[in-house]
Amino acid sequence: MASLDTDIAVVGAGIVGVACALQLARQGKRVLLIDRQAPGHGASWGNAGHLASEQVFPIADLSILKRLPNMLIDPMGPLRLDWKYLPRALPWFTRLLLNLRPTPFQRSVAGLRALNEASLGAWQRLLGSLGRSDLFHEQGSLLVFERHESRQALEALRTRMQEQAVPVTFWPAQQVRDAAPQLSESLQGGLFFPRTGHFIDPYRVVSALFDAALAAGVQFASREITNARVQHDGVRLDSAQGALQARQVLLACGAHSAALVKALTGKRVPLDTERGYHLMLPNEHQRLPFAVTSLERRFIMTPMEGGLRLAGTVEFAGLNAPPSMQRAWQLHRLSQGLFKRDLSAEGATPWMGLRPSLPDSLPVIDRVAEGKVLLAFGHQHLGLTQAAVTAEWVGKMVEQSAGLATSYYRLDRF
């Protein structure tokens, strides 16, 4: 067995894993970062780029019961469940429904709020420490509505968010047009969230963190970990290229975390994947000053260095089903009518990524197996938003040799 003098092996080189590797290296740890892909080439590569600190509510509410038939029938709907995947998804959705009861629902809200409230400051500190604050634009974001009858739902959402201390302001139609003059005059208004922002290119953010991690002494190994086990002096990680030994391991491999959690802890986690799609429009610069979401159409448009990114649909079809790229192209059709002049799809590129989701909408951020196993996965569609604060919390767990004070994110909640 090959033996590496490594303090912590971080499995997973997405935005969460890379941010954690950098944090731990800065704390003086010898860190080995491991992934079968190049850093940032999984779900982190194609996310919506929105720092969604306002999203303090779980991914679903009780209305999902009414939408279930359409989820199974409509392949282009904003929330889709592949009927062939239904038998495997049913236990997960049962847990999801149980978590919509008042007490567990409020627990999820509290857990999301704690992470999201700290997310903006954590990103400001992290990017500032790299001298790369230019990668993030703190210009807020906007949720718009088109139909007069949607006003009541929007006002109810604003009230709920204010109850959770989320900064939010109602903008009438004229204020929307003043801020984003290329949007359609048919828009009735929207909610503006000042304490949010967007990244100009999520992959460039991962790359900047990875470069800083290498400079801090992090090593990178390109391999797929196939099995793992806890030993008396640390952990053993198996791969086709041989075994690796480390004093501790941090699992941050997103939607692929469940098997290694089972191998290292004996715990089966109810981890599924939200398959997210985007469509990148390279010819659409200067259309929007900030990220804009449509209430009725249920998707987001984010201005980026490479054009305008349309994203936001959710599909449950498992880890291995081929992507349904027509869902990405559907985003362009959804955009029609939202602007005075429709968006150009010339040269557009579609993408699909696997977002790790647990039925209570909270990640696992924990320290188990006598501190030999650290966990940071399950951030659903908020991985980018919560990556920097997760890295800070993981750093504190390592330094304090203890788990988090709160139980929201503990493994043993399942």
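Leu-115 is located in helix 4, where helices (H or I, at least four residues) and strands (E, at least two) are DSSP runs numbered from the N terminus. The structure is a predicted model, in which local features need pLDDT of at least 70 and side-chain atom pairs count only at pLDDT 80 or more, while totals for chains, interfaces and linings use all residues. Residues are numbered from 1 along each chain as its sequence is written, and side-chain values use heavy atoms, with hydrogens and water left out.

With a relative accessible area of 0%, Leu-115 is buried (buried means under 20% relative accessible area, exposed over 50% and partly exposed in between, with a 1.4 Å probe and protein chains only). Residues up to four places away in sequence aside, Leu-115 touches Pro-363, Ile-365, Gln-386, Val-389, Thr-390, Trp-393 and Tyr-409, a contact being defined by heavy atoms within 4.5 Å. The C-alpha atoms of Leu-115 and Leu-382 are 9.9 Å apart in space, although 267 residues separate the two in sequence.

Two packed helices are described by the angle between their axes and the distance between the axes. For helix 4 (residues 102–130) and helix 10 (residues 383–400), the axes come within 7 Å and cross at roughly 85 degrees. Helix 4 is therefore roughly perpendicular to helix 10. Axes here are lines fitted to C-alpha atoms, for helices over the stretch in contact, and angles run from 0 to 180 degrees between N-to-C directions; angles under 35 degrees count as roughly parallel, over 145 as roughly antiparallel, 65 to 115 as roughly perpendicular and the rest as oblique. On the helix 4 side, the contact involves Leu-112, Ala-114, Leu-115, Asn-116, Ala-118, Ser-119, Ala-122, Trp-123, Arg-125 and Leu-126. These meet Leu-384, Thr-385, Gln-386, Ala-387, Ala-388, Val-389, Thr-390, Glu-392 and Trp-393 of helix 10. By class, 12 nonpolar, five polar and two charged residues make up the contact of helix 4 with helix 10 (Ala, Val, Leu, Ile, Met, Phe, Trp, Tyr, Cys and Pro count as nonpolar, Asp, Glu, Lys and Arg as charged, and the others, Gly among them, as polar).

Helix 1 (residues 15–26) has 12 residues and reaches 17 Å from its first C-alpha to its last, close to the 16 Å expected at 1.5 Å a residue; the expected span is 1.5 Å times one less than the number of residues. Because 10 of its 12 residues are buried, helix 1 is largely enclosed by the rest of the structure. Among the buried residues of helix 1 are Ile-15, Val-16, Cys-20, Leu-22 and Leu-24. Gly-28, which follows helix 1, has a positive phi near 90 degrees.

In helix 5 (residues 151–163), the 13 residues should span 18 Å at 1.5 Å a residue, which agrees with the 18 Å between its end C-alpha atoms. Leu-154, Leu-157 and Met-161 of helix 5 are buried. Viewed down the axis of helix 5, the buried residues fall within an arc of 60 degrees, so they line one face of the helix; the arc is that of the directions from the helix axis to the C-beta atoms. These buried residues pack against strand 6 (141–145), strand 7 (169–172) and strand 8 (189–193). Gln-152 and Glu-163, on the other side of helix 5, are exposed.

Helix 8 (residues 258–265) contains the buried residues Leu-260, Val-261 and Leu-264. They cover an arc of only 105 degrees around the axis, which puts them on the same side of helix 8. The packing partners of the buried residues of helix 8 are strand 1 (8–11), strand 11 (225–231), strand 12 (234–239), strand 14 (248–251) and strand 21.

Most residues other than glycine have a negative phi, and most peptide bonds are trans. In the loop between strand 20 (364–368) and strand 21 (373–377), Ala-369 has a positive phi of about 55 degrees although it is not a glycine. Ala-369 counts as partly exposed, at 31% relative accessibility. Glu-370 lies in the loop between strand 20 and strand 21, and its phi is likewise positive, near 55 degrees. At 74% relative accessibility, Glu-370 counts as exposed. A positive phi, near 65 degrees, is also found at Ala-165, which follows helix 5.
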